[in-house]
Amino acid sequence: MPTTASTVALIPAAGSGTRLGAGIPKAFVDLCGRTILQRSVDGVLAAGVDRVVVAVPANLVAETRAQVPDAQVVVGGAARSDSVRACLAATGDHAEPPDVVLIHDAARALTPPDVFSRVVGAVLSGHDVVIPAVAVTDTLKRVGDDGAVLATVDRTPLRAVQTPQGFRPDALRRAHASNGDATDDAGLAEADGMRVHVVDGDLMAFKITTDWDLRMARMLIEHGATANPS
Ligand code: CTP
Ligand code: MG
C-alpha cells in the first residue's frame with residue numbers, strides 16, 4: 001500500500017450474527033484462538049492502514065478495547081449503516097482528514113492485504129468510490145414464490161461485492177448524509193448518483209455469514225491462511 005497516503009478503516013462489528021447462530025455477536029466468535037474481530041483488525045493493520053475505528057454492541061465496548069487495543073471503539077447501531085455512521089462520526093475528531101476511508105466488514109476476517117492495496121490505489125488514482133468484487137460462478141435463476149423457475153439470469157455482467165470499500169472522505173459523508181440503509185456503503189453512493197469503480201476482489205475476502213463459512217474459515221487457518229502475513 002502507498003505509504004504517503006493516510007488511511008482510516010471503519011469496521012462495522014455490531015451485528016448480532018443471526019444467520020451464524022452462535023449465540024453471541026458474530027465478531028466475538030472464536031476463530032482458532034483469536035476472535036473474528038481480532039483477525040479482521042490484524043489484517044487491516046497488516047495491510048498498512050493508519051487508523052482503525054470499530055463499532056460494536058454497547059455491552060461489548062470494554063471487552064473490545066481490551067481485545068483490539070490499537071483500535072478506537074464506538075457503539076454501533078441497529079442497522080449496518082448506522083454502525084458505519086457511528087464510526088464516521090468518530091473520525092470527525094481529527095483535524096487532518098485522511099486521504100482514503102475504508103469500510104470493512106469485521107466478518108471478512110481473512111481478506112488479503114492485496115485487496116486493500118488495490119482499493120486504496122484506485123481511490124488515490126482518482127476514483128471517489130471503489131469496491132472489490134469477484135465473478136459469480138454458479139448458474140443463477142429467478143425463482144417465484146411457488147418454487148417454480150421464472151428465468152435463468154445472465155451471470156456475465158454480475159459480480160459478488162466484498163469489502164474493503166474505499167472512499168474519498170467527502171464522498172463517504174455525502175453517501176451517508178441521506179441516513180439511508182444498504183447492505184454496503186457503495187449502495188448509498190449509487191443511490192446518490194455517484195460513480196462506483198470496481199477492482200478485483202479475492203475469494204479469501206469471503207464474509208463469514210453461516211456456520212459453513214465459519215467452518216471453512218477455521219479449516220483455511222488450520223492450513224496456514226491468515227490475513228496477517230507478518
Ligand atoms: N453490522 C454492524 N451493525 C449492524 C449490523 C451489522 O456493525 N447493526 C456489521 C456486522 O457485525 C458485520 C457486517 O456489518 O461485520 C456485515 O453484516 P452481516 O454479515 O450481515 O452480519 P450480522 O448482521 O451480524 O449477521 P446477520 O445478518 O446474520 O444477523
Ligand atoms: Mg446482517
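How many nonpolar, polar and charged residues make up the shell around ligand 1? I looked this up before anything else. The shell has seven nonpolar, six polar and five charged residues. Here Ala, Val, Leu, Ile, Met, Phe, Trp, Tyr, Cys and Pro count as nonpolar, Asp, Glu, Lys and Arg as charged, and the others, Gly among them, as polar.

**Ground rules.** I am reading a predicted model, where local features need pLDDT of at least 70, side-chain atom pairs count only at pLDDT 80 or more, and totals for chains, interfaces and linings use all residues. Residues are numbered from 1 along each chain as its sequence is written, chains are lettered from A and ligands numbered from 1 in the order in which they are written, and side-chain values use heavy atoms, with hydrogens and water left out.

**Ligand 1.** I listed the residues around ligand 1 and found 18. A residue is near if one of its heavy atoms lies within 4 Å of the molecule. Ala-14, Thr-18, Lys-26, Ser-83 and Lys-207 come nearest.

Next I checked polar contacts, which are pairs of N or O atoms within 3.5 Å. Gly-15 has a backbone N or O atom 3.0 Å from an oxygen atom of ligand 1. For Ser-16, a polar backbone atom is 3.2 Å from a ligand 1 oxygen. Ala-106 also places a backbone N or O atom 3.2 Å from an oxygen of ligand 1. On its own, ligand 1 has 560 Å² of accessible area, and the protein covers 87% of that. I note the method: Shrake-Rupley with a 1.4 Å probe.

**Pockets.** On a 1 Å grid over the protein atoms alone, a pocket is an open set of points where a 1.4 Å probe fits, with protein on both sides within 12 Å along at least five of seven lines; lining residues have an atom within 4 Å of a point. Ligand 1 sits in the largest pocket, meaning more than half of its atoms lie within 2 Å of the grid points.

The volume of that largest pocket is about 700 Å³, counted as the space filled by probe spheres set on the points. I found 30 lining residues, with Arg-19, Lys-26, Arg-80, Asp-105 and Lys-207 nearest the centre.

The second largest pocket has about 170 Å³. Its lining includes Arg-108, Gln-162 and Lys-207.

**Backbone.** I found a cis peptide bond between Thr-163 and Pro-164, with omega about 10 degrees.

Methods. Polar contact = N/O pair within 3.5 Å; in protein donor to acceptor, adjacent residues only side chain to side chain.
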